[in-house]
Amino acid sequence: MKNLSNQPCLIARSLGSVGDTWSMLIMRDAHAGLSRFDEFRKNLGIAPTMLTSRLATLTEEGLLEKRRYSERPPRDEYVLTQAGQDLLPVLFSLAAWGARHRGGGNFTRFFDAETGTEIDPVSIDRGTGAPIGSRPIQIVMPKRPDEPSD
């Protein structure tokens with residue numbers, strides 16, 4: 001795919017940063033407390049070269065920060081940045097969609113650690129208070145620089 005970082009659509013730009021399966025699963029695992037290369041590799045069953053590539057991209061995109069935890073031998077861990085932390089509601093919304101449309105059988109569930117209640121994410125429009133998807137939407141594309149003004 002061509003570089004999506006210059007697209008006017010923020011969905012396209014965002015997918016350019018975290019749109020592949022491995023990256024999303026790495027972010028899921030980072031939210032679950034994993035931070036070291038070997039932890040990600042073992043949990044995901046991902047090839048080391050693929051993991052190295054995805055961790056580098058997530059670091060470059062500002063979702064993870066690489067921190068040295070051992071000098072001898074040199075070892076790094078990957079810690080969520082604010083941008084990475086802000087991805088959690090997206091992951092939970094994706095999981096809720098999966099439960100509705102890809103569920104069945106046994107699947108991972110997510111619970112609030114303090115209350116023990118299952119997390120049931122809902123996306124609400126702050127302006128109207130309405131659940132997203134319950135009202136019609138309008139997509140407004142930005143004007144191109146060569147387009148005349150109204």
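**Arg-54 and its setting in the fold**

Arg-54 counts as buried because its relative accessibility is 19%, where buried denotes under 20% relative accessible area, exposed over 50% and partly exposed in between (1.4 Å probe, protein chains only). The structure is a predicted model, in which local features need pLDDT of at least 70 and side-chain atom pairs count only at pLDDT 80 or more, while totals for chains, interfaces and linings use all residues. Residues are numbered from 1 along each chain as its sequence is written, and side-chain values use heavy atoms, with hydrogens and water left out.

Arg-54 lies in helix α4, which spans residues 48-60. Leaving aside residues up to four places away in sequence, Arg-54 touches Asp-20, Trp-22, Ser-23 and Ile-26; a contact means heavy atoms within 4.5 Å.

Helix α4 belongs to a protein with six helices and two strands, these being DSSP runs numbered from the N terminus (helices H or I, at least four residues; strands E, at least two). Along the sequence, the pattern reads α-α-α-α-β-β-α-α.

Along the principal axes, the C-alpha atoms fill a box of roughly 65 × 45 × 25 Å. Of the 150 residues, 23% count as buried. Among contacts with a separation of 6 or more, 36% are between residues 24 or more positions apart.
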